[in-house]
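Please look through the sequence and the structure before starting.

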Amino acid sequence: MTARDAQQAEVAAGFEAAFGMAPALTRFAPGRVNLLGEHTDYNGGYVLPMALTDLGVAVALGAGGAPGAITLRSLTLEDGVTRQIDEGPDGHWSDYVLGAVQAVARDRVAAEGLSIALATSLPLGAGLSSSAALEVAVLRAVTDVFGIARSATEIARIAQAVENDFVGMPCGIMDQFAASVGAPGTAVFLDTRTLEHEAAPGLPGHSFVVVDSGVSHQLTDSGYATRVAECQAACKELGMAYLSELGEGDLERIDALPEPLNRRAAHVVIDNALARAGFAALQAGDAAGFGRLMHESHATARDNYQITVPETDALVAAAEAAGALGARQTGGGWGGAIVALVPGGAVAELCVTLERDFPQTRVLAVT
Ligand code: GLA
């Protein structure tokens with residue numbers, strides 16, 4: 001049994017314990033680790049995320065119950081709540097579920113109600129997209145139980161809209177796309193403007209090691225919205241719709257922007273180029289080259305986009321000292337996880353070294 005199947009069996013048992021009946025179905029959606037291209041997605045750029053194999057959110061669901069009520073039980077948080085289908089958001093974790101259900105099945109649930117149990121194996125605040133996994137798992141379950149046809153790409157778009165318009169987090173589409181369309185353990189090179197995408201090959205003999213720094217980020221409280229606003233301000237100054245319209249030939253125009261807009265625009269140009277080069281390096285099987293790109297990507301996140309913290313800077317440096325070909329902070333920023341590209345023979349020792357030298361860290365995945 002895969003870890004995904006085991007998690008779904010567990011949530012089905014939790015559903016039965018909570019609601020006294022078997023669920024109609026269970027669904028799973030994974031978290032993601034982003035390999036290159038950070039904060040480029042809402043700038044119309046390229047990203048290179050990988051859906052995780054084992055870590056994600058499992059949902060068990062049954063229709064029926066009081067009309068209009070969604071009765072929810074989180075096995076992970078040991079928390080339960082009942083929401084009404086027409087309610088607005090109230091800041092509780094159940095907003096992600098309520099927003100997703102409203103987006104596709106408002107009328108159905110108004111008529112017959114819904115019971116949902118869920119469990120996550122993704123640490124919250126680690127930058128591995130626990131909220132996108134939750135939205136996508138719920139959308140999969142709700143569309144399937146009511147026989148509503150939606151493609152994987154449509155589910156990604158709906159999940160992003162839930163996050164933007166219901167929860168109020170101005171994110172791009174990378175996380176929801178990786179959770180809905182990404183194949184387990186396979187990086188996908190995505191053009192966030194057109195949604196054209198291509199699966200990338202892995203690097204034989206190497207692993208991506210994901211390590212939680214122990215510094216929890218909370219994107220809704222953090223500078224994420226500030227960065228989005230800074231990018232919009234830079235676009236306005238430059239007279240363009242998306243910063244990814246800039247290329248490496250535009251450095252003079254970027255330099256002429258006021259601080260910190262110049263740095264923000266420079267980051268988007270650099271990380272966009274790194275994501276493209278990274279896809280090419282994966283296709284060429286160039287592990288050393290890919291590692292160098294990860295190293296550069298961390299540097300621009302630290303110096304230009306200013307979204308790293310001392311703990312992730314130190315962890316990245318330690319991973320590289322312990323044999324990683326390159327490492328970087330991954331996800332929205334201000335803490336969370338790092339990802340390191342490590343030759344197979346060095347993985348075990350690197351994990352031991354990092355967990356020993358940084359007691360608050362934890363190795364989450366080796367893919
Ligand atoms: C969060 C957002 C994504 C993306 C990343 C940064 O995970 O949800 O849309 O912007 O941050 O790359």
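For sorting residues by class, Ala, Val, Leu, Ile, Met, Phe, Trp, Tyr, Cys and Pro count as nonpolar, Asp, Glu, Lys and Arg as charged, and the others, Gly among them, as polar. The model is a predicted one.

**Exercise 1.** Describe the shell around the ligand by its residues, their classes and the domains that supply them.

*Solution.* Begin with the members: the ligand is surrounded by 13 residues, with Glu38, His39, Asp41, Asp175 and Tyr224 the closest. Sorted by class, the shell divides into five nonpolar, four polar and four charged residues. Finally, because domain 1 (3-198) and domain 2 (203-366) both give residues to this shell, the ligand lies between them.

**Exercise 2.** Which atoms of His39, Gly172 and Tyr224 lie by oxygen atoms of the ligand, and how much of the ligand is buried?

*Solution.* Take the backbone first: a backbone N or O atom of His39 is 2.7 Å from a ligand oxygen atom, and a polar backbone atom of Gly172 is 3.0 Å from an oxygen atom of the ligand. Turning to side chains, a polar side-chain atom of Tyr224 lies 2.6 Å from a ligand oxygen atom. The ligand taken alone exposes 310 Å², of which the protein buries 96%.

**Exercise 3.** Characterise the second largest pocket by its volume and its lining.

*Solution.* The volume of this pocket is about 390 Å³, and its lining comprises 21 residues, with Asp41, Tyr42, Asn43, Gly44 and Tyr242 nearest the centre. By class, the lining has 11 nonpolar, seven polar and three charged residues. Helix 4 (152-167) and helix 6 (224-238) each supply at least two lining residues, and the largest share, four residues, comes from helix 6.

Conventions:
Residues are numbered from 1 along each chain as its sequence is written. This is a predicted model: local features need pLDDT of at least 70, side-chain atom pairs count only at pLDDT 80 or more; totals for chains, interfaces and linings use all residues. Side-chain values use heavy atoms; hydrogens and water are left out. On a 1 Å grid over the protein atoms alone, a cavity is a set of points where a 1.4 Å probe fits but cannot get out, and a pocket is an open set with protein on both sides within 12 Å along at least five of seven lines; lining residues have an atom within 4 Å of a point. Grid points are joined across faces, edges and corners, and a volume is the space filled by probe spheres set on the points. A residue is near a molecule or strand if one of its heavy atoms lies within 4 Å of it. A polar contact is a pair of N or O atoms within 3.5 Å; within protein, one must be able to donate a hydrogen and the other to accept it, and residues adjacent in sequence count only if both atoms are side-chain atoms. Accessible areas come from the Shrake-Rupley method with a 1.4 Å probe; for residues, only the protein chains shown count as cover. Domain bounds come from an automatic or database domain assignment.
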